[in-house]
Amino acid sequence: MLRRALWEGLAAGTAGVLVMTAGEKIEQRLTGRPDSHVPARVLQRLTGMRERPGRQPVPVNWAMHFGQGMLLGVLRSVMAHAGLRGPWSSAKFAVVRLTNDQILENLTGVGAPPPTWPRAELAVDLLHKTVYAFATGVVADALAARSGPGPGQRHAMRRPGRHSGVGPPARGAAVVRG
């Protein structure tokens, strides 16, 4: 399952980052907002690369931008294979995506905590990362669904709805709906 989740996650993350990037480029044309060079600066600091003032090398920027999105897609794929699928799971994943950015940006000193950002900049970042999370989720869920319900979904099928005292099915047991 993990090997499959890895490759499917890379595909889902790639799809998500492509959709997010397309949305960012459309938004930038409409608003005039310039490209962010934060991804490149974070990668430079994480790897010890030489930093430059001003505009950063596009390949370094894209490497971090796409690499981060692709790798995080693996986590969303693992979620989907476990049975955490659908919009609620994508919303949870959006928080993970935002948290990952903030950890790396603040740890390296490249970024500042979001409460200190201008509100418009914060809203744009939240929008784009949410688009990424949901696009990644749609692909991860579709790919994971090919292998049937995940363990969490099989557990939920034992007795639909929220009930206390319903333990997990025995390992390898068939799910009986009733």
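Predicted model: local features only at pLDDT ≥ 70, side-chain atom pairs only at ≥ 80, totals over all residues.
View 1. Helices (H or I, at least four residues) and strands (E, at least two) are DSSP runs, numbered from the N terminus. Read from the N terminus, the elements go α-α-α-α-α-α. The C-alpha trace spans about 65 × 30 × 30 Å along its principal axes. Of the 178 residues, 37% are buried (under 20% relative accessible area; exposed is over 50%, partly exposed in between, with a 1.4 Å probe and protein chains only). Take the contacts (heavy atoms within 4.5 Å) with a separation of 6 or more: 65% of them join residues 24 or more positions apart.

**View 2. Here helix α1 crosses helix α3.** The axes of α1 (residues 2-31) and α3 (residues 58-82) come within 6 Å and cross at roughly 130°. Axes are lines fitted to C-alpha atoms, for helices over the stretch in contact, and angles run from 0 to 180 degrees between N-to-C directions. The two helices are therefore oblique to each other: under 35 degrees counts as roughly parallel, over 145 as roughly antiparallel, 65 to 115 as roughly perpendicular and the rest as oblique. The residues of this contact split into 13 nonpolar, 9 polar and 4 charged. For that count, Ala, Val, Leu, Ile, Met, Phe, Trp, Tyr, Cys and Pro are nonpolar, Asp, Glu, Lys and Arg are charged, and the others, Gly among them, are polar.

**View 3. Helix α4 packs against helix α5.** The angle is about 130°, with the axes 8 Å apart, and that makes α4 oblique to α5. On the α4 side, the contact residues include Phe93, Ala94, Arg97 and Asp101; on the α5 side, they include Leu126, Lys129, Tyr132 and Phe134. Sorted by type, the contact has 9 nonpolar, 4 polar and 4 charged residues.

**View 4. Glutamine 68 sits in helix α3.** With a relative accessible area of 13%, glutamine 68 is buried. Leaving aside neighbours within four places in sequence, glutamine 68 is in contact with Ala63, Arg97, Asn100, Asp101 and Leu104. Asparagine 100 is 32 residues away from glutamine 68 in sequence, yet their C-alpha atoms are 8.9 Å apart.

**View 5. Serine 89 lies in helix α4 (residues 87-107).** Serine 89 counts as buried because its relative accessibility is 5%. A polar atom of its side chain lies 3.4 Å from the backbone oxygen of leucine 84. Not counting residues up to four places away in sequence, serine 89 touches Arg76, Met79 and Leu84.

Key. Residues numbered from 1 in each chain as written. Heavy atoms only, no water. Polar contact = N/O pair within 3.5 Å; in protein donor to acceptor, adjacent residues only side chain to side chain.
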